[in-house]
Amino acid sequence: MRFPSAIRAARRAPLLQVLKSAAATIGAWLLAGWLLPGPLPIFAAIAALLVVQPSVNQSLSKAIERSVGVIVGVVIAVLLSLLLGPQSWVVLAAVVVALLIAWALRASTGTGNQVAISAVLVLALGSSNSDYAWERIVETLIGAVVGFIVNVAVVPPVLSAPARRDVGMLGREVAASLERLADALPSVQSGPQLQELMLEVRLLRPMLAAAQASIASAEESLSLNPRRSRHNDDLKEIRALLTRIAPVVTQVIGMTRAYYDHYEDSLADDASVRAIAEQLRRAGHDVRLAVQLADAAPEPDVMTSAVPALTAPLMMRPPESDHWILVGSLMEDLRRIHGELREDD
């Protein structure tokens, strides 16, 4: 792994999210400093910064995780300070005890780390002052509440747009894969061309996984989101499109694999194979049409006819005896694709 890839994300976070994090941190700092005069309100600022997440649901989870971790860590720090005194090695003991207690309680990794960090900070900064410890709990709760309120009140994030984009990209690539196979069937292919065909179609699986992950993130972003009523129908439409396209991914990969495994130069002259190629082009058209009708990242300057092309199952004469296994396999996969793309399904 190259070093820059470990510290740089694939995409920038939205600028609004950055501004919300900054506003929450400043607000928590000012409010905690006003309510709890004394030490700098570091706990409040950190809590607010961590609680502002890409979704309201994640914000609530992070707020609970941060608050519970701080409370347990502070309790551990106070008890160890009372039992063992202010010796410096108590800080190390607090780390071990905090991690063991978090493990025993089956706490998440984030919560367990927060317990240990809070215990160390209280012992290191607050020494044996019990008032300092309890004020840090209140301070953390203030920061968590401020961060959550800011994330909910200021344009709570909705991630349906990335889901629509990823599903649209998947649909267009499925259509392109169908068309590539349609172009290959009636033509004589070389070994490198067959390899390229397989490599390109295999890209559909990671694209499908990305689209499914995007929809899951979009659904999570609507959980507890006050804007969810305006976006539920939109996300439902995107998921319905993916439900239609996902099985086609499996069929296209299977058809390409079958063609690769059973390829012969004589396939290009088989009338049945040429008929299947035409149906594959029609299937590609209908996939593009489904993406276009769902407005899933439509391609500029590329308009697809609004009339479905795959209107009826393919009827043909029996194939040549040497090719019947491949033709039968392609026909079955094509039948399944037809079933997924029919408008009345």
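This is a guided tour of the structure above, one selection at a time.

**Before you start**

The model is predicted, so a local feature needs pLDDT of at least 70 and side-chain atom pairs count only at pLDDT 80 or more, while totals for chains, interfaces and linings use all residues. Residues are numbered from 1 along each chain as its sequence is written, and side-chain values use heavy atoms, with hydrogens and water left out.

**Stop 1: the whole chain**

Show the chain as a cartoon. What will you find in it: how many helices and how many strands? There are 13 helices and zero strands. Of the 345 residues in the chain, 43% are buried; buried means under 20% relative accessible area, exposed means over 50%, and partly exposed is in between, using a 1.4 Å probe and protein chains only. Among contacts (heavy atoms within 4.5 Å) between residues at least 6 apart in sequence, 81% join residues at least 24 apart.

**Stop 2: helix 3 and helix 4**

Select residues 42–51 for helix 3 and 56–84 for helix 4. Their axes are 8 Å apart and they pack at an angle of about 150 degrees. Axes are lines fitted to C-alpha atoms, for helices over the stretch in contact, and angles run from 0 to 180 degrees between N-to-C directions. Helix 3 and helix 4 are therefore roughly antiparallel; angles over 145 degrees count as that, under 35 as roughly parallel, 65 to 115 as roughly perpendicular and the rest as oblique. The crossing of helix 3 and helix 4 is right-handed: right-handed means that the near helix is turned clockwise from the far one by less than a right angle, left-handed that it is turned anticlockwise.

Now show side chains. Helix 3 brings Phe43, Ile46, Ala47, Leu50 and Val51 to the contact, and helix 4 brings Ser59, Lys62, Ala63, Arg66 and Val70. These residues divide into seven nonpolar, one polar and two charged. Here Ala, Val, Leu, Ile, Met, Phe, Trp, Tyr, Cys and Pro count as nonpolar, Asp, Glu, Lys and Arg as charged, and the others, Gly among them, as polar.

**Stop 3: a loop residue**

Move on to Arg106, in the loop between helix 5 (89–104) and helix 6 (109–126). Is Arg106 buried or exposed? Arg106 is exposed, with a relative accessible area of 78%. Its phi is near 55 degrees, a positive value in a residue other than glycine. Most residues other than glycine have a negative phi.

**Stop 4: helix 8 and helix 10**

Next, select helix 8 (160–184) and helix 10 (204–222). They pack at an angle of about 160 degrees, with axes 8 Å apart, and are therefore roughly antiparallel. Helix 8 passes helix 10 in a left-handed crossing. Side chains to show include Leu170 and Val174 of helix 8 and Leu208 and Ile215 of helix 10, which are part of the contact. The contact residues divide into 13 nonpolar, three polar and two charged.

**Stop 5: the largest nonpolar core**

A nonpolar core is a set of buried Ala, Val, Leu, Ile, Met, Phe, Trp, Tyr and Cys residues joined through side-chain atoms within 4.5 Å. The largest one has 50 residues, and Leu170, Val174, Leu185, Tyr259 and Leu280 have the most contacts inside it. Which helix gives the largest share? Helix 11 does, with 13 residues.

Zoom in on Tyr259. Leaving aside neighbours within four places in sequence, Tyr259 is in contact with residues including Leu185, Gln189, Leu197 and Leu326.

**Stop 6: around Tyr259**

Leu326 lies in helix 13 and counts as buried at 3% relative accessibility. From Leu326 to Tyr263 is 63 residues in sequence and 8.5 Å in space, C-alpha to C-alpha.

Gln189 sits in the loop between helix 8 and helix 9 and counts as buried at 15% relative accessibility.

Finish at Ala268, in the loop between helix 11 and helix 12. Ala268 is buried too, at 9% relative accessibility. Ala268 and Gln189 are 79 residues apart in sequence and 9.1 Å apart in space, C-alpha to C-alpha. Not counting residues up to four places away in sequence, Ala268 touches Leu185, Pro186, Ser187, Val188 and Arg274.

Key. Helix = DSSP H or I, 4+ residues; strand = E, 2+ residues; numbered from the N terminus.
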